[in-house]
Amino acid sequence: MKKKTKFALSCFLGATLGLTIAVIITIIISVTLHDGKYYAVPPELISTCGNEINAVIIQTILSLFYGAVWGGASWIWSIDHWSILRQTITHLVVCSTATLPIAYFAYWMPHNVKGILIYFGIFFVIYLIIWIFQYLSTKKRLQQINEKLHNNYDKKHEI
């Protein structure tokens, strides 16, 4: 499969995942409010968009775009000639740059300095946790591959 097609597929799968996560979050928020209502979008977004359906459409588009950016940004990890530091910083910058305007326009954060700082604090903590998990998982896989290579080498060179 061509690189452009694989990249487009990553963006599409990311968009699908982004929308799915957004819907799950709205369900969790609605359930935790314990009033039997479904809160599809923040009230501020409804006010900005003029009605609820327009707000849902805008949030859907933003969620799809959000996921597509993350899906596309996953390709940064396949640039083998970059260091893990460069990959991490580039991925973090791309994803956080897309995150701020989307989260701001969708009213997923309060529109003040404190709200933005809290949102990004949560964003960075979650990013760090996921990065550490991925790093450790990759490190473990590499160790297993190296052990297999070492064992195969030893078997071939037995006297």
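## Thr 99

With a relative accessibility of 0%, Thr 99 counts as buried (under 20% relative accessible area; exposed is over 50% and partly exposed in between, with a 1.4 Å probe and protein chains only). Thr 99 sits in helix α4; helices are DSSP runs of H or I with at least four residues, strands are runs of E with at least two, and both are numbered from the N terminus.

Apart from neighbours within four places in sequence, Thr 99 contacts Tyr 66, Trp 70, Tyr 119 and Phe 123, where contact means heavy atoms within 4.5 Å.

## Basis of the model

The model is predicted: local features need pLDDT of at least 70 and side-chain atom pairs count only at pLDDT 80 or more, while totals for chains, interfaces and linings use all residues. Residues are numbered from 1 along each chain as its sequence is written, and side-chain values use heavy atoms, with hydrogens and water left out.

## Largest nonpolar core

A nonpolar core is a set of buried Ala, Val, Leu, Ile, Met, Phe, Trp, Tyr and Cys residues joined through side-chain atoms within 4.5 Å. The largest one has 14 residues, of which Tyr 66, Tyr 119 and Phe 123 touch the most other members. Two or more residues each come from α3 (52-73), α4 (84-105) and α5 (113-156); α5 gives the most, with four.

Not counting residues up to four places away in sequence, Phe 123 touches Tyr 66, Trp 70, Leu 92, Cys 95, Ser 96 and Thr 99.

## Ala 15

Ala 15, in helix α1 (residues 3-32), is buried at a relative accessible area of 11%. Beyond its neighbours within four places in sequence, Ala 15 contacts Ser 63, Leu 64, Gly 67 and Ala 68. Ala 15 and Phe 65 are 50 residues apart in sequence, with a C-alpha to C-alpha distance of 6.1 Å.
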